[in-house]
Amino acid sequence: MTKNVQQSCFRSSLLDPAEFTLTFELVPSRGGRGKEYSRILSLAEKIAMDGRIKAVSITENAGGHPALSPEVLGLDILQMGLEVINHFSGKDKNRNQMESLLFGWEREGLNNLLVISGDYPKQGYCGYAKPVFDLDSVQMVAMLTGMNQGCFSKKPMPLTSFFKGVAVSPFKSDEAELMMQYYKLHRKISAGADFVITQIGFDARKFQEVLLYLKQNKLNVPVLGNVFIPNLTVLKIMRRGKVPGCVIPASLDRLMMAESSAPDKGRQARLLRGAKLLAILKGLGYSGAHIGGPGLTFAGLDFMLNQFRRLADSWKDLINKMNHWPDKNFFYFKQDVTSGLNLPQPVKTGKKAKFSPHFLLAQAVHNLAFDPQGLLFMPAVKNCSALEKGILAPIFKQGEFIAKSLLFHCKNCGDCTLSEQAFLCPQSGCAKFLLNGPCGGSRDGWCEVYPGKKRCHYVKVYERFSQDQCLEFTRGFLPPRNWALNGTSSWFNFYAGLDHNNLHYAE
Ligand code: SF4
């Protein structure tokens with residue numbers, strides 16, 4: 001009974017425009033008992049008693065390191081009458097394992113989720129873990145929506161009632177990285193995302209950018225701004241770029257180092273900054289805030305929330321001090337020098353579109369043979385079906401694979417998505433095999449997994465996109481890869497209507 005009352009409380013608070021909903025992030029460690037587990041439980045208990053925080057989110061193998069599964073801590077916390085948001089990522093489990101877990105979570109009342117791609121898996125038992133990434137976050141949200149609507153499987157299944165949050169990062173340095181974050185957000189919301197939580201950041205103008213972008217694109221979902229209180233240890237780790245997708249800008253780094261000479265090593269100054277950010281987020285029109293930080297105590301949280309209440313009405317005066325994002329980085333909207341925020345006019349994007357001869361050739365072949373309006377499309381349908389049944393089929397398949405390997409680093413998945421990805425293969429180009437847009441882990445345009453060595457696949461995709469293709473991307477959705485097609489000819493599968501295009505031209 002307590003569970004249901006609390007569950008409706010978080011949802012109704014977040015969906016109520018008059019409310020400013022607060023959530024708090026807990027990070028379980030490796031192991032299911034001991035001092036750290038007790039510390040987290042005791043903090044959760046105080047939060048539950050206090051009542052200002054509507055739900056706690058629980059990370060899942062944060063940073064790609066193995067840790068206690070979120071539902072274990074989640075169940076303990078539900079018993080306290082405090083609502084839980086479980087992080088739900090694709091890094092360690094395939095779609096069937098996801099379904100299996102979700103049935104259990106739903107049965108236990110763990111219905112609030114933060115759906116994310118997940119950090120690339122790190123060292124575990126006897127070495128590095130195998131990265132799974134069977135579904136990306138857009139596909140996971142679509143699966144959850146299907147489960148909620150009961151149209152997920154051909155056989156009738158009991159309906160679920162998952163409340164699905166997703167992430168977005170406005171804290172990306174260049175245009176391609178940032179725009180692909182926003183474009184992917186369109187796909188997440190179309191797939192059924194119910195709310196959004198931003199990446200951590202310390203810049204009022206960037207936080208406002210997210211809200212303006214959503215408004216201008218008529219994407220109407222509640223957004224929680226991330227209020228993260230780093231300590232000095234985490235500052236050092238983040239400075240080295242070791243927390244995927246999280247950036248401490250140089251100006252904040254300098255400020256925190258200066259504050260660290262105080263007797264409390266800058267603790268109060270950091271909490272006060274958190275309170276100011278809370279006030280700004282509320283003033284900007286955020287639906288709420290998601291608070292977190294290593295070692296944050298209840299006393300620290302209480303101090304911050306009291307300061308927030310004191311500062312809430314003077315949020316506009318705080319903006320010029322909450323500007324920790326380099327001016328040279330890309331902002332989607334023009335700056336309003338008077339307020340320190342944004343004007344509603346976007347800057348011009350898409351200036352960097354690169355049309356290499358390789359890309360143009362691939363597009364010409366696609367238009368000719370793979371577009372139903374193309375001259376060679378119907379002859380290709382006929383000849384492919386004939387070839388598939390003939391003795392030349394193995395040679396044909398091998399020829400396709402060799403040509404596509406040389407041109408596109410093809411991985412022979414049998415369900416080709418080259419034409420939707422500016423003729424760049426996501427199976428070889430993206431370390432997480434994501435099909436619907438980038439993860440949040442890229443930094444300065446580099447892939448989270450190969451920093452300084454390999455550009456993010458989606459940065460390269462964006463740089464090849466025309467304006468029309470950008471628009472098309474925001475409206476698209478690629479379903480999960482069908483593993484029954486692995487190692488087969490994608491051309492045969494395309495013309496036979498077996499791949500994701502599901503064409504019905506086959507004989
Ligand atoms: S290529 Fe981009 S989207 Fe893929 S894992 Fe690397 S950073 Fe993430």
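1. In strand 10, H290 is the bridge partner of T23. This is a predicted model, in which local features need pLDDT of at least 70 and side-chain atom pairs count only at pLDDT 80 or more, while totals for chains, interfaces and linings use all residues. Residues are numbered from 1 along each chain as its sequence is written.

2. Strand 1 (residues 21–26) and strand 10 (residues 288–292) pair in the parallel sense over four bridges; pairing requires at least two DSSP bridges between two strands. Strand 1 also runs parallel to strand 2 (residues 55–58), joined by four bridges, and L26 has I58 as its bridge partner there. Helices (H or I, at least four residues) and strands (E, at least two) are DSSP runs, numbered from the N terminus.

3. Six of the six residues of strand 1 are buried, so the strand is largely enclosed by the rest of the structure. Buried means that 20 or more other C-beta atoms, placed from the backbone, lie within 10 Å of the residue's own. T21, T23 and E25 cover one side, and L22, F24 and L26 the other.

4. The protein chain is divided into domain 1 (2–346) and domain 2 (357–436 + 477–495), with bounds from an automatic or database domain assignment. Contact (C-beta atoms, placed from the backbone, within 7 Å) links 14 residues of domain 1 with nine residues of domain 2. On the domain 1 side, helix 6 (175–191) and helix 5 (137–149) each supply at least two residues. The largest share, four residues, comes from helix 6.

5. The ligand is surrounded by 14 residues, the closest being C430, P438, C439, C447 and C456; the criterion is a C-beta atom, placed from the backbone, within 6 Å.

Key: Two residues are in contact if their C-beta atoms, placed from the backbone, lie within 7 Å. A residue is buried if 20 or more other C-beta atoms lie within 10 Å of its own, exposed if 12 or fewer, and partly exposed in between; C-beta atoms are placed from the backbone.
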